[in-house]
Amino acid sequence: MNIDKFNYQCSFTKCVLESLLLSLIYVASLYVWSSQHSRDHPSTIKKRFLSVTFMLIFSPLYTWYFIHDKTKVPIWYWLGLKWDGIFISAASSLVLTSVLFLGSICLICCKSFQLKSIISIENIKSNFSDLIWLRNYIVAPISEEFTFRACIIPLLLQYFQPMTTVFICPVFFGAAHFNQWIERMRAGVPCFDAFLMSVFQFTYTTIFGAYSALLFITTGNIIAPILAHKFCNHMGFPDFREMFQFQEPKRSGLFIFSLAGLILWCLLIKYTTEPWIYSNQMDWTEMNQCNSTNSSNNFQQKHFVKL
């Protein structure tokens with residue numbers, strides 16, 4: 001293979017532009033429909049369901065087009081679509097994210113939380129007939145994680161090291177949420193207020209995106225970031241103002257649990273990010289080394305000889 005051509009294929013500019021273009025296509029797909037309704041209107045939600053369905057088909061094809069000549073590892077492994085380690089990946093993701101939101105979970109319990117009402121058949125049926133619920137907790141986590149993690153991370157790994165990718169990938173994810181600045185202004189929110197809200201959302205989603213990318217690269221399974229995304233959408237950003245409204249000692253207790261959850265999460269993340277725990281034998285540096293056969297033979301021996 002021509003060395004100059006290969007270096008171009010693995011260049012910084014090319015892999016960043018490929019990732020940026022896929023991000024723009026995802027956001028643009030949500031706005032191809034001409035509509036005067038808000039994002040929460042049923043017709044808008046249904047049309048955007050069609051858009052993200054298209055992206056679930058288009059995104060992996062887009063990624064395959066750019067990386068298939070640089071690796072012999074099947075594309076579905078790069079996308080985290082595998083059964084190996086799926087249950088431990090799901091459990092680890094939920095436990096880690098729950099620990100991080102320990103304060104918020106305690107806050108819910110302090111507000112006369114009733115588990116029976118949440119897991120009731122009537123409540124489940126109501127949720128699955130609610131388009132906003134489906135968007136927030138099913139469609140958005142699956143479509144966004146699949147595009148912004150499973151499909152963009154392999155593109156970035158053509159040039160960047162895995163840990164560098166963890167911090168670069170979420171920038172695309174955070175920026176993709178800036179489109180809500182315009183939607184907020186259309187809803188009547190003053191321009192500057194809408195901008196500040198979007199900056200806050202960008203910061204929050206970028207930080208979450210780094211955590212989600214770390215889960216994906218560590219577990220090698222798309223189920224981990226999807227469940228973390230769903231959990232975070234359900235919990236929202238910790239409501240510290242509501243915690244302040246409680247009387248002592250509940251108020252102090254809530255803040256202590258919030259801090260304890262953060263500290264415990266920092267400790268656990270160190271010991272739960274070992275790939276072997278999740279049967280993850282992916283060599284994420286294969287394409288980065290610009291050698292299409294560098295580690296694929298080892299991968300095939302580990303995964304396909306035993307079949």
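How many helices and how many strands does the protein chain have? The chain has 16 helices and zero strands, where helices (H or I, at least four residues) and strands (E, at least two) are DSSP runs numbered from the N terminus. The model is predicted, so local features need pLDDT of at least 70 and side-chain atom pairs count only at pLDDT 80 or more, while totals for chains, interfaces and linings use all residues. Residues are numbered from 1 along each chain as its sequence is written, and side-chain values use heavy atoms, with hydrogens and water left out.

Of the 307 residues of the protein chain, 44% count as buried, a word that stands for under 20% relative accessible area, with exposed meaning over 50% and partly exposed in between (1.4 Å probe, protein chains only). The accessible surface of the chain comes to about 16,400 Å², of which 68% belongs to carbon and sulfur atoms; such areas come from the Shrake-Rupley method with a 1.4 Å probe, and for residues only the protein chains shown count as cover. Among contacts (heavy atoms within 4.5 Å) between residues at least 6 apart in sequence, 77% join residues at least 24 apart.

Helix H5 (residues 86-100) and helix H12 (residues 191-219) pack at an angle of about 150°, their axes being 11 Å apart; axes are lines fitted to C-alpha atoms, for helices over the stretch in contact, and angles run from 0 to 180 degrees between N-to-C directions. H5 and H12 are therefore roughly antiparallel to each other, since angles over 145 degrees count as such, those under 35 as roughly parallel, 65 to 115 as roughly perpendicular and the rest as oblique. On the side of H5 the contact is made by Ser-89, Ser-93, Leu-96 and Thr-97, and on the side of H12 by Tyr-211, Leu-215 and Thr-219.

Two single residues complete the tour. Ser-51 lies in helix H3 (residues 42-67) and is buried, with a relative accessible area of 4%; leaving aside residues up to four places away in sequence, Ser-51 touches Ser-29, Leu-30, Val-32 and Trp-33. Glu-183, found in helix H11 (residues 180-186), is buried with a relative accessible area of 13%. With residues up to four places away in sequence again not counted, Glu-183 touches Tyr-31, Arg-39 and Arg-48, and although Glu-183 and Arg-39 are 144 residues apart along the chain, their C-alpha atoms are separated by 7.6 Å.
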